[in-house]
Amino acid sequence: YDFEVVGGVITIQMTAHGFVPQAFQIAVGHHIAVTLVNVDSRPHTFTIETLHVNARVEPGQTVRLTLSAPHYGDYVFFSTEPCDVGPEWRGLMRIFL
């Protein structure tokens, strides 16, 4: 992954080709304002099972969530929609010290 370092704010687009960007990182202990923008013609989700996050984003819709950066480590995010099975529908949130 090519990691985008964020200072507490990130916008992730859901496109016909997956999540853009697919990876981001932030220091432990910060809140992350995540804006999800679905520019595709199908619904998608932004799911991080270990953090109990599951946001469904309809076509053309924008959803905003705030996450608390958990403990140090890597957290996989993905879409649970049936057609979103390729690697482009998996991403990584890295929490660093």
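What follows is a conversation about the terms applied to this model and the values behind them.

Guide: This is a predicted model, in which local features need pLDDT of at least 70 and side-chain atom pairs count only at pLDDT 80 or more, while totals for chains, interfaces and linings use all residues. Residues are numbered from 1 along each chain as its sequence is written, and side-chain values use heavy atoms, with hydrogens and water left out.

Visitor: How many helices and strands does the protein chain have?

Guide: The protein chain has zero helices and 10 strands, where helices (H or I, at least four residues) and strands (E, at least two) are DSSP runs numbered from the N terminus.

Visitor: Why is the protein chain called as compact as a globular protein of that length?

Guide: The radius of gyration, taken over C-alpha atoms, is set against the globule rule, which is 2.2 Å times the number of residues to the power 0.38. For 97 residues that rule gives 13 Å, and the protein chain has 12 Å, which is close to it, so the chain is as compact as a globular protein of that length. Along its principal axes, the C-alpha trace spans about 40 × 25 × 25 Å.

Visitor: Why is Ile-12 called buried?

Guide: Buried means under 20% relative accessible area, exposed over 50%, and partly exposed in between (1.4 Å probe, protein chains only). Ile-12 has a relative accessible area of 0%, and therefore counts as buried. Its place is in strand S2. Buried residues make up 47% of the 97 residues in the protein chain.

Visitor: What does Ile-12 touch, not counting residues up to four places away in sequence?

Guide: With contact meaning heavy atoms within 4.5 Å, Ile-12 touches several residues, among them Phe-19, Phe-24, Leu-36, Phe-46 and Phe-77.

Visitor: What makes a set of residues a nonpolar core?

Guide: The set must consist of buried Ala, Val, Leu, Ile, Met, Phe, Trp, Tyr and Cys residues joined through side-chain atoms within 4.5 Å. The largest such core here has 24 residues, of which Ile-12, Ile-32, Leu-36, Phe-46, Leu-65, Leu-67 and Met-93 touch the most other members. Strands that each supply at least two residues of this core include S2 (9-15), S5 (31-38), S8 (62-68) and S10 (90-96). Leaving aside its neighbours within four places in sequence, Leu-36 is in contact with residues including Ile-12, Met-14, Phe-46, Val-63 and Leu-65. In soluble globular proteins, nonpolar side chains tend to be buried together.

Visitor: Is Gln-25 buried or exposed, and how do you know?

Guide: Gln-25 has 18% relative accessibility, and because the limit for buried is under 20%, Gln-25 counts as buried. Gln-25 lies in strand S4, and its contacts, leaving aside neighbours within four places in sequence, include Phe-3, Val-5, Arg-94 and Phe-96.

Visitor: Is Tyr-72 buried or exposed?

Guide: Tyr-72, found in the loop between S8 and S9, has a relative accessible area of 56%, which is over 50%, so Tyr-72 is exposed. Together with Val-28 and Leu-97, Tyr-72 makes a nonpolar surface patch of about 360 Å². Patches are made of residues with over 30% relative accessible area and no salt bridge, with like charges joined within 9 Å and nonpolar side chains (Val, Leu, Ile, Met, Phe, Trp, Tyr) within 5 Å.

Visitor: Why is the pairing of Glu-81 with Arg-56 called a salt bridge?

Guide: A salt bridge is a side-chain nitrogen of Lys or Arg within 4 Å of a carboxyl oxygen of Asp or Glu. The closest N and O atoms of Glu-81 and Arg-56 are 2.5 Å apart, so the pair qualifies. The pair links distant parts of the chain, with Glu-81 in the loop between S9 and S10 and Arg-56 in strand S7, 25 residues apart. Glu-81 is buried at 14% relative accessible area, whereas Arg-56 is partly exposed at 43%.

Visitor: How many salt bridges does the structure hold?

Guide: The structure holds five salt bridges. One of them joins the side chains of Arg-42 and Asp-84 (3.1 Å, N to O), and Asp-40, Arg-42 and Asp-84 are linked in a network of salt bridges. Asp-74 also forms a salt bridge with Arg-94, their closest N and O atoms being 2.7 Å apart. Because Asp-74 lies in strand S9 and Arg-94 in strand S10, this pair ties together parts that are 20 residues apart in sequence.

How values were computed:
Areas by Shrake-Rupley, 256 points an atom, 1.4 Å probe, with all protein chains shown as cover.
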